[in-house]
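This briefing is intended to be read alongside the sequence and the structure shown below.

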Amino acid sequence: MATLIQQIINGLSLGSIYALIAVGYSLVYSILMFSNFAHGGFLIIGGYLCYFALNSAGFNIWVAGFGALIGAGFAAVATERLTYKPIRERTSVTLYLLIASMGMNIVIENIFVIVAGGRFRALPPVIPTTPVHLFGNATTSALDLISLVTAFVFLGGLQLFLTKTKWGLAIRAAACDLRVAGLMGVNTSKLISIVFFVAGLLAAVGGIFLSVRYTLYPQLGMITIKAFVAAVIGGLGSLPGAVVGSLILGLAEMLTAGFLSSQLRDLVVFSLLVITLIVRPTGLFGKDVKEKV
Amino acid sequence: MTAILELDNLNKFFGGVHAVRDVSFSLEKGELAGLIGPNGAGKTTIFNLITGVYPLDSGHIVSNGKEINGLRTCDAVGLGIARTFQNLRLFKGSTVLENVMTAGQRHHRYSFLEAATHLGRWKKTEKTIRDEAMEYLEKVNLAKDADRMAGTLPYGHQRRLEIARALALRPELLLLDEPAAGMNPEEVQALNGLIVGIHKEFDLTILVIEHHMELVMEICPHVVCLNFGAVIAEGPPEEIQGNPEVLKAYLGEEVE
Amino acid sequence: EETVKIGYLAALTGDWAAYGQTEKNTAQLAVDEINAKGGIDGRKVELVVYDFRGRQEDAVNAVRRLLEEDKVSAIVGANASGINIATAALVNRAEVPQIGTVSTNPMVTVDRKGKVRPYSFRICFTDPYQGKLIAWFAAKELGKTKAAVLYDIASDYAQGLREFFIKSFEEYGGETVADEAFKGAQDVDFRAQLTKIREAGADVLVLPNMGKEMALIMKQARELGMDDLVFVGGDGYAEFMWEIAGKSMENSYWINHVSPSDPNMAKFFEDYEAKYNDECKEFVNGILGYDAMYWLFDAIDRADSTDSVKIAQALADTKDLQLHHATITMDEFHNPLNKDGIVLIAKDGKGQFFKKIKPE
Amino acid sequence: MSAYAEGIFILLLINAIAAMGVSLLTGFTGIFTLGHAAYLALGSYTTAILTLDYGIAWLPAVLAGGIVAMVVGYLIGLPTLKLMGDYYAIASIGLAESIRLILENWQSLTNGARGLAGIDTFTTLPVALSFFIVMAIVAFCLINGRFGRSLKACRDDHVAAALLGFDVAKIRVASLSISALYCGLAGGLYAGFISFIQPMMFDMLKSTEMTAVVVFGGLGSMSGCILGTTVITMVTELFRPISQYRMLIYGLVLVLVMVLRPEGMMGQHEIGGLLKRLFRRGGDRS
Amino acid sequence: MDGKKPLLSVRGLEVSYGAIKALLGVDLDVYEGEIVSVIGANGAGKSTLMNAIMGDVARQAGEVSLDGKPLSSKSFQVVHQGVSLSPEGRKVFAPLTVEENLMMGAFPRQDRLEIHRTLAHVFELFPRLEERRQQYAGTLSGGEQQMLAIGRALMSTPRVLLLDEPSLGLAPIVIKDIFKELKTINEGGMTILLVEQNARQALMLSHRAYVLQTGRVIMEGPSKELLANPEVEAAYLGTGHH
Ligand SMILES: Nc1ncnc2c1ncn2[C@@H]1O[C@H](COP(=O)(O)OP(=O)(O)OP(=O)(O)O)[C@@H](O)[C@H]1O
Ligand SMILES: Nc1ncnc2c1ncn2[C@@H]1O[C@H](COP(=O)(O)OP(=O)(O)OP(=O)(O)O)[C@@H](O)[C@H]1O
Ligand SMILES: CC(C)C[C@H](N)C(=O)O
Ligand SMILES: [Mg+2]
Ligand SMILES: [Mg+2]
């Protein structure tokens with residue numbers, strides 16, 4: 001029993017890290033309808049910026065953290081302006097964007113391989129990782145609780161923005177037809193930049209959390225593939241879906257590893273992805289708009 | 001004479017919307033009939049039901065005496081049914097000629113092995129398919145555009161290409177969904193001629209949805225009018241034009 | 001004058017970059033030293049280093065290139081059994097010798113049928129012995145009875161060492177209460193396995209893996225509140241682990257090939273520092289990479305030829321060769337005989353010599 | 001030719017066979033995949049296991065690899081190819097990872113994540129070249145003619161295609177199966193070239209590369225995909241010695257290809273067609 | 001109109017798509033309070049003209065101005081300057097509901113209360129839309145989508161409303177209603193530029209008209225005169241009904 005509780009806690013805490021990242025995926029998907037695999041890249045940009053600001057420039061954590069968020073936000077905007085925008089203007093096939101984003105991810109990762117080297121860096125425990133005892137033997141770390149709360153705060157804010165403001169509506173309209181959204185008076189370039197800025201910011205938050213929880217190295221962005229799977233399971237484009245999907249995925253992983261076999265955990269993750277798509281292509285919370293003939 | 005198509009009490013719901021309501025009518029072989037009705041009356045939906053694009057909620061569709069409810073879309077052609085679309089659905093990445101060949105090839109066979117090697121019957125068969133497709137293009141007056149990409153044709157021409165593609169299937173029953181949409185009066189006139197022409201030449205049964213009354217009233221001896229998913233009038237054009245319900249729901253008071 | 005081309009297979013990027021960068025540096029140091037002395041019997045040495053990013057696929061490609069394009073006389077590296085096993089077929093077909101630096105799995109030098117691979121060599125001890133060292137240390141020196149193993153299923157080395165350890169530990173009367181796996185280079189979260197280990201009541205956790213994963217495991221174990229668990233690791237010990245695991249590293253034990261305070265190596269450390277302005281942090285790889293080069297120089301000298309077949313013969317015939325860290329003699333399976341087992345302890349932020357052990 | 005140049009040429013031919021498979025599916029049927037490395041994996045594992053453990057000769061082993069990939073492609077296609085657009089692409093990531101993970105976990109057969117070493121290197125230049133020529137002829141024949149037209153119909157408008165009597169699901173599955181066959185054969189040849197295989201070699205990066213190559217060459221152009229493969233294989237192989245930069249350059253190439261020429265090098269055209277046109281124009285002038 | 005300055009003025013407008021020249025120097029004026037129609041055969045460049053005014057396709061040469069001030073070359077700014085378009089082929093936001101589509105039309109406006117009044121007005125004009133308020137626009141019938149597109153353009157209460165083939169696919173009775181409504185809103189002060197295949201009705205409604213042929217204005221004048229012109233009659237009005 002104690003083990004079960006501990007594994008559930010482990011699962012939720014892993015899920016909360018996924019959630020932070022998955023929300024970013026979903027946000028970009030909700031406007032441009034493509035899966036931005038460069039998200040992992042933004043994440044490590046955030047992580048390294050924070051690391052260098054703390055260690056080389058000697059800033060305090062608040063300044064460093066803030067700088068990292070802004071920096072990653074701008075990196076995301078730059079990526080969008082330099083690579084996605086020209087593609088979007090030439091073709092409407094979103095798969096090209098997807099491939100370009102994978103390319104960007106490789107580029108960013110390897111820029112850090114070259115400039116920061118293959119060494120592992122650890123952020124000082126700016127976010128406390130001390131064990132927190134819940135009930136009995138069950139433990140989690142303070143970091144996990146903070147990351148869960150952060151994920152919910154961002155999610156709530158974004159959700160309100162998207163559903164309650166006219167800019168949110170504009171985002172959804174732009175998602176379906178950028179040109180026509182322009183004809184409605186929406187400055188779509190600016191709108192998209194804002195979305196990417198927020199996505200970059202979210203990625204940086206995820207990057208800092210991940211660097212503290214694990215360690216900082218150029219391939220750290222790889223973990224985002226799980227967050228991506230979570231976003232799909234929850235329903236791409238749905239922010240609550242992203243969070244729910246993440247928690248489900250975290251639980252599935254930990255329970256598989258804990259009670260079946262740790263080798264099978266990724267198999268379970270990807271099988272869940274495939275099964276979800278077959279049963280409900282738009283995920284748990286995605287809405288299914290059928291094409292009219 | 002037997003009915004080539006019989007609709008018997010068709011019903012279709014989309015969520016709360018009762019899009020098709022107890023619709024029954026039938027088409028005799030060789031008829032040229034019009035289907036009219038206000039926007040959202042359910043006309044396109046009826047085409048979609050006949051061709052199996054949407055499943056039927058209740059009722060029967062009988063073609064040549066055979067019940068074809070729950071037909072798979074791809075089996076419609078096998079029963080001799082072809083259609084065009086309200087929103088053009090051409091193969092935009094293929095040439096005009098290829099569009100028609102794609103339809104026409106079903107009447108000619110060669111084996112997979114021949115396809116993979118271009119040996120045997122391949123060459124001869126391909127030539128036949130091509131020649132036939134050219135004939136259909138000439139019918140709709142597009143032969144000169146055979147090598148253009150389908151998507152670059154002007155709108156009105158694309159509509160005619162859809163008709164040629166449907167004809168190449170050699171159907172018995174042709175369903176046309178707003179073939180004159182976006183055409184100017186001049187072109188509508190030409191289209192009238194085309195429809196009447198193919199109707200005769202290919203011995204077709206045609207059901208056409210249109211909002212251009214100058215087309216329907218001129219060429220369709222049999223007109224069905226829908227409103228809110230239900231048939232409100234059926235008969236020859238003169239009768240329909242004078243039907244007060246049709247006037248009120250669809251044509252507006254004064255009709256010339 | 002004829003030069004000798006030697007290939008070096010190093011992980012310069014990826015998870016193992018710290019190990020590989022050090023090896024590359026020490027190999028270059030050895031080459032510079034020998035060339036400064038006029039080369040081997042007048043033959044200058046040329047070093048060709050390729051990165052394999054910690055992946056077999058890249059290693060295989062790099063070796064192909066060394067063999068086909070650079071036509072090297074011998075290859076040194078890599079620093080992991082899996083890499084050497086993957087490349088063994090190639091070098092043996094091409095008849096070019098390859099020396100593994102810390103590649104400890106038996107399969108590095110023998111094939112699936114148990115026959116020695118004529119062109120594969122190593123300078124370190126093997127895992128049956130290492131497994132025994134770990135088991136002896138845990139059972140006899142630390143007095144532990146309930147061991148847990150958490151090993152990398154993607155690694156030939158980890159799978160082998162786990163097996164050898166468990167066998168020996170049971171022979172010494174201990175019990176393996178948890179035997180958990182993960183996937184190296186992919187997994188970063190080990191809390192599920194650690195929870196099971198905690199539940200099993202293990203008193204020692206044996207880590208036969210590469211550095212990054214071991215560091216993350218130790219860190220997460222302490223975060224789960226597993227404060228009393230003692231860590232005993234294999235020869236994957238690396239200084240870069242401190243950066244990841246921090247204080248969680250303190251008081252862990254590591255079975256290894258060499259000691260950082262070996263007086264015979266003092267000059268090496270000095271020279272390294274002078275040349276690279278950096279202390280040779282990953283000293284295990286540093287020392288073994290350095291001596292592997294010297295071993296090869298000696299073999300070339302004895303073969304008196306740049307012909308790879310003759311060099312391989314000379315390597316196989318090595319007997320009582322005095323290198324810097326040890327004196328080596330090859331056995332019939334191309335493994336050096338009677339190498340020391342050294343225990344390091346992680347203390348005050350670095351790895352320190354703890355003791356030398358010799359299990360019965 | 002030096003042994004090294006020959007090696008690159010063999011690799012190029014193998015990659016081109018795989019690219020033709022992906023091109024058939026993505027370029028001509030309009031189904032984007034991000035998981036075709038899985039079929040490469042199936043082909044190479046089948047070939048490797050048959051030659052290593054069962055002592056079967058390489059040629060039947062390679063053919064068996066192709067067939068295994070094709071059968072798996074067929075079985076996978078049945079339930080998943082009803083997914084359209086992005087959703088199939090995402091599903092293919094999941095499917096490919098699942099296959100890779102099964103290979104990784106089936107230790108008794110595949111030696112798990114550690115991979116299989118010591119595969120006979122039977123893929124010599126003549127072998128690769130003969131396979132390439134045969135497969136290329138078949139591919140070109142298939143796309144010119146009724147099969148090619150039906151693929152394109154399903155690609156451009158699946159509803160209209162269905163109403164022309166095409167069983168879209170069946171055609172999509174057929175296209176995937178043939179495409180898997182190509183990749184399976186390429187995988188078998190690859191195993192016989194590289195001599196060592198490991199599940200990690202067939203990861204998402206590899207799948208993306210396979211699709212990117214085809215996009216680079218031009219969707220809907222067979223000769224384009226061969227050209228694309230040539231360029232990308234050359235670029236990445238040339239930069240292999242400076243491996244830190246190799247991946248960076250590879251990533252940049254992917255991005256630049258998408259940014260500068262999303263329609264690909266050849267657009268929808270075939271080299272033959274372009275030459276013909278050029279020739280005709282030249283003729284007009286004179 | 002003599003002496004008055006035009007509200008919307010187009011001078012020497014040229015547009016091409018790659019090698020295809022779609023507009024070759026078009027001049028056109030629309031005065032405050034007018035309805036002006038543009039007629040012409042398929043491919044004459046009517047839609048291109050509308051899109052170029054909006055800045056939705058790039059203008060290669062020429063000037064477009066509103067009230068003497070140049071119109072931006074970015075469509076979203078043009079909307080804020082007071083011109084909006086109901087584009088050819090509906091272009092509704094398929095995954096948004098009918099109501100959300102209409103609210104998008106009101107995007108440039110700030111006056112919440114007034115917006116709801118306009119919404120009520122659109123619903124009055126197209127009761128079908130009110131019934132389908134929460135339906136996804138993509139599942140509407142062709143004609144319903146057309147109504148939505150027109151309604152959406154009305155929602156921005158522009159100074160100049162551009163309509164590209166508003167009657168496409170609509171039932172005769174709805175066309176009549178719409179033309180009536182256009183007259184009413186025009187009388188309420190909105191200036192309208194209208195492109196129609198249904199030339200006769202367009203000419204009957206509008207004050208002035210332009211005839212476009214392969215990218216050039218070949219005729220212009222008061223609609224009444226054009227209606228009576230035998231050339232126009234032969235080429236654009238057809239002989240059939242209406
Ligand atoms: N997939 C669908 N989901 C929900 N409602 C639908 C769907 N398809 C059609 N409808 C609704 O069913 C009704 C009938 O639509 P249909 O397309 O058949 O109309 P129509 O008679 O062809 O009209 P039009 O002349 O405007 O094309 C419409 O009110 C439409 O909104
Ligand atoms: N996106 C495009 N790419 C290339 N050519 C185009 C494009 N859009 C329009 N054209 C061409 O520009 C010319 C003018 O087209 P436009 O759509 O403006 O005509 P139109 O008068 O609106 O015709 P219609 O009555 O069919 O709507 C035509 O020759 C058309 O083929
Ligand atoms: C660096 C070491 C952990 C390498 C290990 N001894 C191996 O053979 O793979
Ligand atoms: Mg309709
Ligand atoms: Mg137009």
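The points that follow concern chain contacts, a metal site, cysteines and backbone geometry.

The model is predicted. A magnesium ion (ligand 5) is coordinated by two residues of chain E, E:Ser47 and E:Glu88. The search of the whole structure returns 0 disulfides over all chains.

**The interface of chain A and chain D**

- On the side of chain A, 44 residues are in contact with 43 residues of chain D.
- The two chains bury about 3500 Å² between them, and 79% of that area is on carbon and sulfur atoms.
- Four helices of chain A each supply at least two residues of the side that touches chain D: helix H3 (61-90), helix H4 (94-115), helix H9 (224-234) and helix H11 (265-279).
- Of these, H4(A) provides the largest share of the side of chain A that touches chain D, namely 14 residues.

**Chain pairs without contact**

- Chain B and chain C do not touch, and their nearest C-alpha atoms are 35 Å apart.
- Chain D and chain E are likewise joined by no contact; the closest C-alpha atoms of this pair lie 16 Å apart.

**The magnesium site in chain E**

- The magnesium ion (ligand 5) is coordinated through OG of E:Ser47 and OE of E:Glu88, at 1.8 to 2.4 Å.
- The pair links distant parts of the chain, as E:Ser47 and E:Glu88 are 41 residues apart.
- E:Ser47 belongs to helix H1 (residues 46-54) of chain E, whereas E:Glu88 is in the loop between strand E6 (83-86) and helix H3 (98-105) of chain E.
- E:Ser47 is buried, with a relative accessible area of 16%, and E:Glu88 is partly exposed at 37% relative accessibility.

**Cysteines**

- B:Cys225 is too far from any other cysteine for a bond, because its closest cysteine sulfur, in B:Cys220, is 13 Å away.
- B:Cys225 counts as buried, at 0% relative accessibility.
- D:Cys141 is in no disulfide either; the nearest cysteine sulfur, that of D:Cys225, is 15 Å away.
- D:Cys141 also counts as buried, with 8% relative accessibility.
- For a disulfide, two cysteine sulfur atoms would have to be within 2.5 Å.

**Backbone geometry**

- C:Gly77 and C:Ala78 are joined by a cis peptide bond, with omega about 0°.
- C:Ala78 is placed in the loop between strand E3 (74-76) and helix H3 (81-94) of chain C.
- B:Asp203 is not a glycine, yet has a positive phi of about 55°.
- B:Asp203 is found in the loop between helix H6 (185-201) and strand E8 (205-209) of chain B, and is exposed, with a relative accessible area of 55%.
- C:Asn338, a residue other than glycine, also has a positive phi, near 50°.
- The loop between strand E12 (327-328) and strand E13 (341-347) of chain C contains C:Asn338, which counts as exposed at 71% relative accessibility.

Technical notes:
Residues are numbered from 1 along each chain as its sequence is written. Chains are lettered from A and ligands numbered from 1 in the order in which they are written. This is a predicted model: local features need pLDDT of at least 70, side-chain atom pairs count only at pLDDT 80 or more; totals for chains, interfaces and linings use all residues. Side-chain values use heavy atoms; hydrogens and water are left out. Buried means under 20% relative accessible area, exposed over 50%, partly exposed in between (1.4 Å probe, protein chains only). Contact means heavy atoms within 4.5 Å. Donors are N, O and S atoms within 2.8 Å of the metal (3.2 Å for Na, K and Ca); water is not among the atoms, so sites may look incomplete. Buried area is the accessible area (1.4 Å probe) that two parts lose on being put together, summed over both.
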